Amino acid sequence: MIEISKAISGYLILQGAVLCFIASIGVLRLPDVYTRNHAASKGATLGVMSLLLGVFLYFLMVEGHFNSRVLLGIAFVFLTSPVAGHLIMRAAYNTKVPLWENSVQNDLKKKNAGDPERTSHPRIRDK
Amino acid sequence: MAFQVLLNVFIAFMWMFLQNSYTLSVFAAGFLFGLLIIFIMRRSFSSRFYFLNVLAVFTLFTIFIKELILANLSVLKVILSPVFSHTPGIFAYETELKKDWEITMLSNLITLTPGTLVVDISDDKKTLYIHAMDINDAEEARKEIRDSFEKAIKEVSR
């Protein structure tokens, strides 16, 4: 039983570390802020969550200690990281960070059509 | 709905007082008993039987977890593919949801969906602007949001 739970928590921790690693590769490789944000906000969320879950299971099964703070940590990461991703995205857009040149569509441009300060967005072309 | 939960807790306390034993197991038994009573009396409440809402919350949570895992797999595929050959873009999505918390839940769900991330919400709260990793999937993503997420969220708030 202890061996099985050690294996499971070891697997979860390894998976979390690999996911975080690949998310950071994504931040390096992808072309613009917006696509990088995809990698960072999704990969890191599940990565950190499975790391914490592995730690929780290890302490529960091997040490017999129920650590509720780790569970709360999982819940907080799960709730806050999509919001953080959204806010970074929005802040980037509103400060006119250009989209990648191969981006094809931008419906948000129409929303800001009445506002001359926000329409002059560099390097975005509509289809 | 909150009224029904409160009533259920109240019945559980009544049960504890009737039994004259104040333990968690008696409370749980009273709670189940109260659930049965509320189920029988469900036609006298203005809202529906609240346990259905609890089930809907559970469904929504499973959708969250499932989408999170699928999103990660698709992001992994994009990152580890040798050439980045997608066409990102921003598309608009008209939502039918009205309340603020529903829109928040929807945008959290969209952010955790494969290949989509919310950029902005229009001032009248009717349109979400979503950045998609691959704009060719936008139509499919739109359909999935409409059929699966909005329905699940509506089910919770009904």
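Visitor: Why is Glu96(B) called partly exposed?

Guide: Glu96(B) has a relative accessibility of 39%. Buried means under 20% relative accessible area, exposed over 50% and partly exposed in between (1.4 Å probe, protein chains only), so Glu96(B) at 39% counts as partly exposed. This is a predicted model in which local features need pLDDT of at least 70 and side-chain atom pairs pLDDT 80 or more, while totals for chains, interfaces and linings use all residues. Residues are numbered from 1 along each chain as its sequence is written, chains are lettered from A and ligands numbered from 1 in the order written, and side-chain values use heavy atoms, without hydrogens and water.

Visitor: What makes Lys154(B) and Glu96(B) a salt bridge?

Guide: The N to O distance between their side chains is 2.7 Å. The rule asks for a side-chain nitrogen of Lys or Arg within 4 Å of a carboxyl oxygen of Asp or Glu, so the pair qualifies. Lys154(B) lies in helix H5 of chain B and Glu96(B) in the loop between S1 and H4 of chain B, so the pair ties together parts 58 residues apart in sequence. Helices (H or I, at least four residues) and strands (E, at least two) are DSSP runs, numbered from the N terminus. Lys154(B), at 35%, is partly exposed.

Visitor: Is Asp120(B) buried or exposed?

Guide: Its relative accessibility is 2%, so Asp120(B) counts as buried. Arg90(A), at 31%, counts as partly exposed.

Visitor: Which residues make up the contact between the chains, and how much area is buried?

Guide: With contact meaning heavy atoms within 4.5 Å, chain A gives 39 residues and chain B 40 residues. The buried area, the accessible area (1.4 Å probe) that two parts lose on being put together, summed over both, is about 3,300 Å², and carbon and sulfur atoms give 72% of it. In chain A, His38(A), Lys42(A) and Phe78(A) lose the most area to chain B, together 19% of what that side buries.

Visitor: Why is Thr95(B) called buried?

Guide: Thr95(B) has a relative accessibility of 11%, so this residue counts as buried. Thr95(B) lies in the loop between S1 and H4 of chain B. Leaving aside neighbours within four places in sequence, Thr95(B) is in contact with Leu106(B), Lys125(B), Lys126(B) and Glu150(B). A polar atom of the Thr95(B) side chain lies 3.2 Å from the backbone nitrogen of Leu97(B).

Conventions. A polar contact is a pair of N or O atoms within 3.5 Å; within protein, one must be able to donate a hydrogen and the other to accept it, and residues adjacent in sequence count only if both atoms are side-chain atoms.
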